[in-house]
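Take a look at the sequence and the model below, then try the exercises before reading the solutions.

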Amino acid sequence: MQWIVCYDIHDNRRRRQACKILRSVSHGYQDSAFECNIQRDPQLLFHQLYANIDTDDSFIITQHPQVGPDWYLGKAIIQNTSTLLIFD
């Protein structure tokens, strides 16, 4: 199951811990946004992450719909040149 997880954690220690947890299940990330492939129970992972969230932090988890192509912005190898996405 694919999930998109984003956070804005103010405390350095809690942010590092959340990053470590998400990197273990992520196959791609950009700063504080992770694309995660969670094969086991997602509630266990969310419970671990919740321990690192405080009331002044922001945290978003949404399930990836897996419909259509994924868009990657930034420095990457472009494999399919038939579609181009430009932000101005």
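The model is predicted, so local features need pLDDT of at least 70 and side-chain atom pairs count only at pLDDT 80 or more, while totals for chains, interfaces and linings use all residues. Residues are numbered from 1 along each chain as its sequence is written, and side-chain values use heavy atoms, leaving out hydrogens and water.

**Exercise 1.** Find out which residues of helix 1 are buried, and what they pack against.

*Solution.* 
- Step 1: Locate the helix, a DSSP run of H or I with at least four residues. Helix 1 spans residues 12-23.
- Step 2: Pick out the buried residues (under 20% relative accessible area, 1.4 Å probe, protein chains only). In helix 1 these are Arg14, Ala18, Cys19, Ile21 and Leu22. They lie on the same side of helix 1, because they cover an arc of only 160° around the axis.
- Step 3: Look at the partners. The buried residues pack against strand 1 (2-8), strand 2 (26-30), strand 3 (33-37) and helix 2 (42-50).
- Step 4: Turn to the opposite face. Arg13, Arg16 and Lys20 are the exposed residues there, exposed being over 50%.

**Exercise 2.** Decide whether serine 26 is buried or exposed, and list its contacts.

*Solution.* 
- Step 1: Serine 26 belongs to strand 2.
- Step 2: Check accessibility. Serine 26 counts as buried because its relative accessibility is 19%.
- Step 3: Leave aside neighbours within four places in sequence; serine 26 then contacts Phe34, Glu35 and Cys36, where contact means heavy atoms within 4.5 Å.

Conventions. Helix = DSSP H or I, 4+ residues; strand = E, 2+ residues; numbered from the N terminus. Expected span 1.5 Å × (residues − 1). Arc of directions from axis to C-beta.
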